[in-house]
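Q: Can we go through the charged pairs in this model, then the pocket? Here it is.

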Amino acid sequence: MPKKSAGLLVYRQTSGGLEVLLVHPGGPFFKKKDAGVWSVPKGEYDDNEEPLAAARREFTEETGLAVDGTFISLTPVKQKSGKIVIAWAIEADLDVSVIKSNLFPMEWPPRSGKIQQFEEVDRAEWFDIVTAREKMIPGQEPLLDELAAILSK
């Protein structure tokens, strides 16, 4: 059975148009990577947790922020890894300069026996839709298309 993640696609309307909030993965493997690695804030959950509750929990864990309001259910997408991402869109104008992510342990450098702590997310940014497509994991791009279609109605 494929792994499942739940996340939130936070958006805002600006004078320049629609923008979405994406997060960059922390840790040494992604430090110098940019295009194709950004994501909606999301995380895995198990069958005992309601997906929207998991999405809200993961958003707070990865950003230190919380959002509330009307959540718009989006069609689940399948990433290249096989992971299924279930997401909700929500409008909010958040200050990404204050994000504070949770930490995860990892052996670094490899085979050193030394365990270090790294932020799960090292930064968050607002992107217009065109730039977001370049930055995000390709399997999540359909979320942008659906959001744009919903908002254009």
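Q: Which residues are linked in a network of salt bridges?
A: E49, R57, E58 and E61 are. A salt bridge here is a side-chain nitrogen of Lys or Arg within 4 Å of a carboxyl oxygen of Asp or Glu. This is a predicted model, where local features need pLDDT of at least 70, side-chain atom pairs count only at pLDDT 80 or more, and totals for chains, interfaces and linings use all residues. Residues are numbered from 1 along each chain as its sequence is written, and side-chain values use heavy atoms, with hydrogens and water left out.

Q: How many salt bridges by this rule?
A: The count is 13.

Q: What does D93 pair with?
A: R12, at 2.7 Å from N to O. D93 lies in the loop between strand 6 (84-91) and strand 7, and R12 in strand 1 (residues 4-14), so the pair ties together parts 81 residues apart in sequence.

Q: Is R12 buried or exposed?
A: R12 is buried, at 19% relative accessibility, while D93 is exposed at 60%. Buried means under 20% relative accessible area, exposed over 50%, partly exposed in between (1.4 Å probe, protein chains only).

Q: And what about D145, which residue does it form a salt bridge with?
A: R133, with the closest N and O atoms 2.6 Å apart. D145 lies in helix 3 (residues 141-151) and R133 in helix 2 (residues 129-135), so parts twelve residues apart in sequence are tied together. Helices (H or I, at least four residues) and strands (E, at least two) are DSSP runs, numbered from the N terminus.

Q: Now the lining of the largest pocket: how does it divide?
A: Into eleven nonpolar, nine polar and six charged residues. Ala, Val, Leu, Ile, Met, Phe, Trp, Tyr, Cys and Pro count as nonpolar, Asp, Glu, Lys and Arg as charged, and the others, Gly among them, as polar. A pocket is an open set of points on a 1 Å grid over the protein atoms alone, where a 1.4 Å probe fits, with protein on both sides within 12 Å along at least five of seven lines; lining residues have an atom within 4 Å of a point.
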